[in-house]
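Me: I would like to learn how to read the features of a protein model, one at a time. Could you take me through this one, giving the general idea before each case?

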Amino acid sequence: MLSLIFIGIRLEQQFGFSTLSVPFCSGSVLSSLFIQRSISVAASGALFGLLGLMLSELLTNWTIYTNKATALITLTVIIVINLAMGILPHVDNFAHIGGFLTDFLLGFVLLLRPQFGWVGRKHLPAGARVTSKHKAYQYLFLVIAMVLLIAGFTMGLVMLFRGENGHDHCSWCHYLSCVPTSKWHCGN
């Protein structure tokens with residue numbers, strides 16, 4: 001919960017409450033597809049969503065950061081460690097993965113910032129050349145993310161409303177949520 005507060009406060013200060021209120025239920029669809037016989041309630045899907053938002057924000061606004069490699073490595077290590085802890089029994093890693101992937105893509109749509117050196121038209125002298133507010137790669141990320149979000153949610157919701165089990169379409173996906181060892185066994 002502390003991570004949720006610290007990460008959430010940082011992102012909310014930069015992008016506002018209304019922008020960050022959209023992605024908070026994103027892990028539920030994937031969790032519902034793969035874990036159908038139990039109820040999963042926790043804030044960890046939202047936390048992974050915020051980690052996904054942070055990663056996409058870092059990649060989208062890459063040119064305005066000074067310690068790019070350090071931020072990317074730190075964020076990647078945090079994500080990998082937390083996902084690895086999700087393979088323990090009774091942890092809904094599907095909510096983690098769903099929250100992360102959905103909000104990672106939503107970040108490319110919601111968290112665009114003007115690039116360094118961009119000046120609004122009202123601050124330019126008459127006749128000055130106006131540059132684009134965003135870089136071409138930001139628009140490319142936005143379009144790809146929108147297509148993947150629409151396709152993924154459409155496919156996930158259709159499967160969910162048909163009552164399909166995600167494991168029927170992915171035989172190895174159960175290892176994403178629990179890996180059996182000599183110390184514990186994973187229920188089917």
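Reply: Accessible areas come from the Shrake-Rupley method with a 1.4 Å probe, and for residues only the protein chains shown count as cover. By that method the accessible surface of the protein chain comes to about 11,700 Å², of which 68% belongs to carbon and sulfur atoms. This is a predicted model, in which local features need pLDDT of at least 70 and side-chain atom pairs count only at pLDDT 80 or more, while totals for chains, interfaces and linings use all residues. Residues are numbered from 1 along each chain as its sequence is written, and side-chain values use heavy atoms, with hydrogens and water left out.

Me: Which secondary structure elements make up the protein chain?

Reply: Helices (H or I, at least four residues) and strands (E, at least two) are DSSP runs, numbered from the N terminus. Here the protein chain has 7 helices and 0 strands.

Me: How much of the protein chain counts as buried, and how is α6 covered?

Reply: Buried means under 20% relative accessible area, exposed over 50%, and partly exposed in between, with a 1.4 Å probe and protein chains only. Of the 188 residues of the protein chain, 35% count as buried, and in α6, which spans residues 93–110, 15 of the 18 residues are buried.

Me: What caps the N-terminal end of α6?

Reply: The term to know is the polar contact, a pair of N or O atoms within 3.5 Å; within protein, one must be able to donate a hydrogen and the other to accept it, and residues adjacent in sequence count only if both atoms are side-chain atoms. The cap is Asp92, with a side-chain oxygen 3.3 Å from the backbone nitrogen of Phe94.

Me: Against which helices do the buried residues of α7 pack?

Reply: Contact means heavy atoms within 4.5 Å. The buried residues of α7 are Gln138, Ala145, Leu149, Gly156 and Met159, and they pack against α3 (28–34), α4 (44–60) and α6. Just after α7, Gly163 takes a positive phi of about 80 degrees. Asn165, in the segment after α7 (136–162), touches Leu33, Phe34 and Gln36, not counting residues up to four places away in sequence, and a polar atom of the Asn165 side chain lies 3.0 Å from the backbone nitrogen of His167.

Me: Which side chains meet in a salt bridge?

Reply: Side chains of opposite charge can pair when their charged atoms come close. A salt bridge is a side-chain nitrogen of Lys or Arg within 4 Å of a carboxyl oxygen of Asp or Glu. The structure holds 1 salt bridge, in which the side chains of Glu164 and Arg162 meet at 3.7 Å, N to O. Glu164 counts as partly exposed because its relative accessibility is 22%, whereas Arg162 is exposed, with a relative accessible area of 63%.

Me: Where is Pro89 found, and which residues does Pro89 touch?

Reply: Pro89 is found in the loop between α5 and α6 and is partly exposed, with a relative accessible area of 22%. Not counting residues up to four places away in sequence, Pro89 touches Cys178 and Trp184. Pro89 and Val179 are 90 residues apart in sequence, yet 7.8 Å apart in space, C-alpha to C-alpha.

Technical notes: Expected span 1.5 Å × (residues − 1).
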